[in-house]
Amino acid sequence: MGNGGHPEKAKTTYREAMREALREALRADDRVFLMGEDVGRYGGCFGVSLGLLEEFGPERIRDTPLSESAFVGAGIGAALAGMRPIVEIMTVNFSLLALDQILNNAATLLHMSGGQLPVPLVIRMTTGAGRQLAAQHSHSLEGWYAHIPGIRVLAPATIEDARHMLAPALADPDPVLIFEHGSLYNAAGELAPSAVPVDLGHAVIRKPGTDISLITYGGSLPKTLAAADELAAEGISAEVIDLRTLRPLDDATIAASVARTHRVVIVDEAWRTGSLAAEISARVAEESFYELDAPVERVCSAEVPIPYARRLEEAALPQTADIVAAAYRAVD
């Protein structure tokens with residue numbers, strides 16, 4: 001126990017927090033099961049489900065064939081039958097093989113059945129670059145999925161959200177996609193032992209500020225917070241917004257921040273063209289145009305397939321220095 005009788009925070013990692021969230025869900029509800037490629041004996045491609053097979057058995061930790069369309073479809077069927085499946089797709093590029101299931105089935109069945117067929121399905125997948133996995137395994141396609149009505153899209157960026165977003169996602173009657181940035185799995189920190197409810201409907205201000213709003217999500221949050229610290233050292237007070245939920249976007253939190261700071265930088269690891277950053281920029285222009293004292297700045301990945309070579313990959317991705325430079329342009 002810490003001072004005043006409060007439980008001490010436990011040291012953990014993003015990966016371990018996600019694993020504990022899975023363990024809690026499996027223990028709390030017999031309808032919950034995990035399925036995907038290598039989630040069982042191998043412990044998950046990124047080690048998130050390590051040890052769960054031994055604890056819960058092969059009925060609830062199910063290794064699947066290498067067919068994303070098949071096992072996402074099986075997850076949809078299980079959800080329709082009253083189960084609460086969690087489907088793991090290794091990396092976001094493989095989700096394209098199941099796009100028909102996600103877009104044409106999971107996202108539409110409630111609507112097409114006149115409200116009779118909810119699909120309470122959770123799909124987890126790793127997203128993002130920065131780990132030298134080359135062009136086919138470094139995509140940031142969560143903005144594509146945020147385009148689709150009928151689903152909720154989450155991007156946990158902190159250990160707390162990795163631990164506590166899964167429970168409300170499973171309680172959602174609609175399909176929920178959770179994008180876990182691969183660079184975050186080893187992130188270490190402290191986690192309070194008590195459950196902290198996560199409101200999936202709202203973004204969160206990670207750092208308050210008065211001079212400029214830095215809007216981001218997922219794996220770009222640490223870089224954005226570092227940029228805010230650099231700006232603070234130069235006397236610029238940057239507010240950092242972690243979107244958390246990419247669909248639906250929390251327009252109210254964004255607009256309130258713009259009204260305070262009057263300047264905006266959007267940091268999005270996806271490609272600039274047709275990006276989530278473009279959508280947010282358009283909404284700021286539509287809803288907060290007269291609050292702006294400078295054009296909206298966007299910091300996105302270069303319009304190229306992500307390179308394998310480390311220095312080229314770093315050059316292609318948004319970095320802290322790029323965010324700081326964009327902020328200076330906005331406040332100049």
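How many of the residues of strand β13 (residues 264-271) are buried? In this predicted model, 7 of its 8 residues are buried, so that the strand is mostly covered, where buried stands for under 20% relative accessible area, exposed for over 50% and partly exposed for what lies in between (1.4 Å probe, protein chains only). The model being predicted, local features need pLDDT of at least 70 and side-chain atom pairs count only at pLDDT 80 or more, whereas totals for chains, interfaces and linings use all residues. Residues are numbered from 1 along each chain as its sequence is written, and side-chain values use heavy atoms, with hydrogens and water left out. Helices (H or I, at least four residues) and strands (E, at least two) are DSSP runs, numbered from the N terminus.

Strand β10 (residues 212-216) is joined to β13 by 3 bridges, and Ile-215 has Ile-266 of β13 as its bridge partner. Strand β14 (residues 297-301) also runs parallel to β13, with 5 bridges between them; here Ile-266 stands opposite Arg-298. Pairing of two strands requires that DSSP find at least two bridges between them.

Between β13 and β14 comes helix α12 (residues 276-288), and the three elements make a right-handed β-α-β unit. Right-handed here means that, with the strands pointing away from the viewer, the path from the first strand over the helix to the second runs clockwise.

Helix α12 also meets helix α11 (residues 251-261): their axes come within 10 Å and cross at roughly 65°. Axes are lines fitted to C-alpha atoms, for helices over the stretch in contact, and angles run from 0 to 180 degrees between N-to-C directions. The two helices, α11 and α12, are therefore roughly perpendicular to each other, a label covering 65 to 115 degrees, while angles under 35 count as roughly parallel, over 145 as roughly antiparallel and the rest as oblique. The crossing of α11 past α12 is right-handed, that is, the near helix is turned clockwise from the far one by less than a right angle.

Strand β6 (residues 152-154) pairs with strand β7 (residues 176-181) in the parallel sense over 3 bridges, and Leu-154 has Ile-178 of β7 as its bridge partner.
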